[in-house]
Amino acid sequence: MRRVGTGEWRGWREATEEALYGPSGFYRGPEGPAGHFRTSVHASPLFAGAVARLLCRVDEALGRPAELAFVDMAAGRGELVTGVLAALPAEVASRARGYAVERADRPAGLDHRIEWLTQPPKGITGLLFANEWLDNVPVDVAEVDATGVPRLVLVRDDDGAERLGEPVAGAAAEWLRRWWPLAPEEPPFPGTPSEEMPFEGTRAEIGLSRDTAWASAVASLDRGLAVAVDYAHFAAARPPFGTLTGFREGRETVPVPDGSCDITAHVALDACALPGGRVVTQRAALRALGVSGARPTLSLAATDPTAYVRALAGAGEAAELTATGGLGDFGWLLQPVGIPNPMIAGLLAGDPLADGLLADGLLVDVPDHEEQ
């Protein structure tokens, strides 16, 4: 789907908002996200099964409430919420209520028990799960000019051409200084070279809009757990030229904000995290939830060939979901609300597995914003 470009120069956040979610935007198309890229949800039903087990853990931490909510943020065509509800044990399923949050219209044939919303419901108890949502919350882009000043990048919507606009100011500038610094705190004297001076062309995606969106989503929970899953980067190793890109029909492409392609950028999950939030890799999270890429034993092939083939296929799907350099590298931001973190609270209390996760870099202990 492609809208007619106006040739107007705008910041990337405004242009992306229109290109993805406007009347003729990319996400309004009938094919949905699955028509253009492969997420963990589409890769294997094992993913929905793991999220269902996480919902059961949340249910236990909540004391098995009379109504247990599962909120699927950026639900696409409702694939995840449908799979999670189907994978729940009967006793939990009888109390579960599914919500799909998506700007596109409700797809035909979706289970009538799933409520379709444009915003997360308020005052719920349960699990809010945002799989590859924050990377599609539009962000402005900053670039350092020849004098070392970070400026907003403007983009033309009909062809994706760019030029530099005004210097970044206000809350956006504060966010950059705090989470993705592009310039030194104290500039050098005029004409004096300095190793601290940023390179011309260095870029950053200003994640303030994502921090706000995540805080709003978490606030919809009275008690429970909120999880954001995305490709992520952290303050110690931000990508020097940003990550903004496009996808169309399964292939990466130049991002042009005309409605013809997805526009995405990796997420500064450490900036999004609220007090008490922790980040774990998808590889570690799924293993903790029972998803393993281990191959079945050969003895099973001799005793039950059908079961062996089924287990082998499952192992292949699990391997894709947990692969290093692929889906396994996604970050899971775990944000408990009014309960201990049902994924890792016990691990952080001295379980040896926690030491292993920390040593392997699979668990990121995110400091509270107030402490930084």
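Colleague: Which residues have the most contacts inside the largest nonpolar core?
Modeller: This is a predicted model. In it, the largest nonpolar core has 41 residues, and those with the most contacts inside it are Leu54, Phe70, Leu80, Leu127, Phe129, Val227 and Trp332.

Colleague: What does Leu127 touch?
Modeller: Leaving out residues up to four places away in sequence, Leu127 touches Val51, Leu54, Leu55, Val58, Ala69, Phe70, Val71, Leu225 and Val227.

Colleague: And what is in the second, separate core?
Modeller: That one has 26 residues, including Trp133, Trp214, Ala217 and Cys272. In soluble globular proteins, nonpolar side chains tend to be buried together.

Colleague: Back to H3. How many residues has it, and what does it reach from first C-alpha to last?
Modeller: H3 covers residues 45-61, which is 17 residues, and reaches 25 Å.

Colleague: Which residues of H3 are buried?
Modeller: Phe47, Ala48, Gly49, Ala50, Val51, Ala52, Leu54, Leu55, Cys56, Val58 and Asp59. Just after the helix, Gly63 takes a positive phi of about 80°.

Colleague: What about H7, why does its span agree with what it should be?
Modeller: H7 (residues 208-219) has 12 residues and should span 16 Å at 1.5 Å a residue; its end C-alpha atoms are 17 Å apart, so the span agrees.

Colleague: Which residues of H7 are buried?
Modeller: Ser209, Arg210, Asp211, Ala213, Trp214, Ala217 and Val218. Of these, Trp214 and Ala217 are included in the second core.

Colleague: Changing topic. What order do the strands of the open three-strand sheet have?
Modeller: The order is E12-E11-E13, with antiparallel pairing. E12 (251-253) and E13 (262-264) are the edge strands, each pairing on one side only.

Colleague: How far are neighbouring strands of this sheet turned against each other?
Modeller: By 35° on average, with direction ignored.

Colleague: How many bridges does E11 make with E12?
Modeller: E11 (residues 245-248) pairs with E12 over three bridges, in the antiparallel sense. Phe247 has Glu252 of E12 as its bridge partner.

Colleague: And how many bridges join E11 to E13?
Modeller: Three, and those two strands also run antiparallel. Thr245 has Thr264 in E13 as its bridge partner.

Colleague: What lies between E11 and E12?
Modeller: Two residues; the strands form a hairpin, and Glu249 in the turn has a positive phi of about 55°.

Colleague: Now the whole chain. How many helices and strands?
Modeller: The secondary structure comes to 13 helices and 16 strands.

Colleague: What share of the residues is buried?
Modeller: 52% of the 372 residues count as buried. The accessible surface comes to about 16900 Å², and 55% of it belongs to carbon and sulfur atoms.

Colleague: What share of the contacts joins residues at least 24 apart?
Modeller: 74%, among contacts between residues at least 6 apart in sequence.

Notes
Residues are numbered from 1 along each chain as its sequence is written. This is a predicted model: local features need pLDDT of at least 70, side-chain atom pairs count only at pLDDT 80 or more; totals for chains, interfaces and linings use all residues. Side-chain values use heavy atoms; hydrogens and water are left out. Helices (H or I, at least four residues) and strands (E, at least two) are DSSP runs, numbered from the N terminus. The expected span of a helix is 1.5 Å times one less than its number of residues. Buried means under 20% relative accessible area, exposed over 50%, partly exposed in between (1.4 Å probe, protein chains only). Contact means heavy atoms within 4.5 Å. Accessible areas come from the Shrake-Rupley method with a 1.4 Å probe; for residues, only the protein chains shown count as cover. A nonpolar core is a set of buried Ala, Val, Leu, Ile, Met, Phe, Trp, Tyr and Cys residues joined through side-chain atoms within 4.5 Å. Two strands pair if DSSP finds at least two bridges between them. Axes are lines fitted to C-alpha atoms, for helices over the stretch in contact, and angles run from 0 to 180 degrees between N-to-C directions.
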